[in-house]
Amino acid sequence: MHRRITRPAIILAALLAITGCGAGTGTGTTTSPATPAAAPTATPTATPTPAKSYTNADLTGLISTLKDAQGQPLTVIPAAQIDQGIIRAKEVLKTAVFTPEACKAFADSNAQVPDGSTYAAGTSVSATDKTTTVVTVIALKDAQTMTDQLDASEAAAAQCQTFTLEAAGQKITTETTPVDAATDGDASFAALAKQSLGTGQTQTALTVTGIKGNLAVTAVKAGPAVTQQASAELTQLINTILAHG
């Protein structure tokens, strides 16, 4: 059964728009479920299936198989560039002002990459329709971390459907609208975000996320006239990677 989630994942996308990074990750903080002590008379329980392990090279290999809607291969984003983007996002968050304020706590959580996680990203640019597509994939050591993040995201969604982010001398107001899109994962999320800058410039970004076990894939298409109809091509990109999960 697909679990539908509504979460303000676009918060980090807005943040990265300020820092100028072409790729980001959305993850929660590391948590480990407690293991109860075994009583002498307890009936043994089945050992949980370990989460599938992926190296950065594994995930980069998956990204390299993707092609955009025009049939062009995605360009793999160097790991150093992704790492630098995460660092810059954290730096901006230190002084960022969110309205409502609750959205800052959520963004703080999203900017953390749990120890032991692996990740990769790729991008393509279409000069024809002036859009950029970015696909990111992250694998966590513990699938429970992903579930915890989804629960926290659902709780914050109502307060962050419309929010304002002020940082690095810029102001971005984002309005999100849920989009009906389902991936082949255990959970799916999609939203169309309209971002308005203080300069009067506007941009639309469609975000689709699919999660399967400890593997999460997010595809974002951004441009001046992106619509929810682009969810089909983003879903296909996500499903291609989830098929390996």
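This report describes selected helices, strands and residues of a predicted model.

## Basis of the description

In this predicted model, local features need pLDDT of at least 70 and side-chain atom pairs count only at pLDDT 80 or more, while totals for chains, interfaces and linings use all residues. Residues are numbered from 1 along each chain as its sequence is written, and side-chain values use heavy atoms, with hydrogens and water left out.

The buried residues of α6 are Ser231, Leu234, Thr235, Leu237, Ile238, Asn239, Ile241 and Leu242; here buried means under 20% relative accessible area, exposed over 50%, and partly exposed in between, with a 1.4 Å probe and protein chains only. Their cover includes α2 (56–63), β5 (131–139), β9 (202–212) and β10 (215–223).

Leu234, which lies in α6, has a relative accessible area of 0% and is therefore buried. Leaving aside neighbours within four places in sequence, Leu234 is in contact (heavy atoms within 4.5 Å) with Thr133, Leu206, Val208, Ala219, Val220 and Lys221. Leu234 and Val134 are 100 residues apart in sequence, with their C-alpha atoms 9.5 Å apart in space.

Strand β8 (residues 187–197) pairs with β9 in the antiparallel sense over 10 bridges, pairing being assigned if DSSP finds at least two bridges between two strands. Gln195 has Gln203 of β9 as its bridge partner. The two strands form a hairpin with four residues between them, and Gly200 in the turn has a positive phi of about 100 degrees.

β9 also pairs with β10, again in the antiparallel sense, over nine bridges, and Val208 stands opposite Ala219 in β10. This second hairpin has two residues between its strands, with Gly213 in the turn at a positive phi of about 65 degrees. β9 itself is mostly covered, since eight of its 11 residues are buried.

## Helix α3

Helix α3 (residues 79–95) has 17 residues and reaches 26 Å from its first C-alpha to its last, close to the 24 Å expected at 1.5 Å a residue. Its buried residues are Ile82, Gly85, Ile86, Ala89, Val92 and Leu93. Seen down the axis of α3, these residues fall within an arc of 130 degrees, so they line one face of the helix; the arc is that of the directions from the helix axis to the C-beta atoms. The face turned away from the buried side carries the exposed residues Ala80, Lys94 and Thr95.

## Strands β3, β6 and β7

Strand β3 (residues 97–99) pairs with strand β6 (residues 162–167) in the antiparallel sense over three bridges, with Phe98 opposite Leu165 in β6. Six bridges join β6 to the antiparallel strand β7 (residues 170–178), and Phe163 stands opposite Thr174 in β7. In the hairpin of β6 and β7, with two residues between the strands, Ala168 takes a positive phi near 50 degrees.

## Ser126 in strand β4

Ser126 is found in strand β4 (residues 118–126) and counts as buried because its relative accessibility is 10%. A polar contact of 2.7 Å joins the side chains of Ser126 and Asp129; such a contact is a pair of N or O atoms within 3.5 Å, and within protein one must be able to donate a hydrogen and the other to accept it, while residues adjacent in sequence count only if both atoms are side-chain atoms. Leaving aside neighbours within four places in sequence, Ser126 is in contact with Gln70 and Thr131.

Terms used: Expected span 1.5 Å × (residues − 1).
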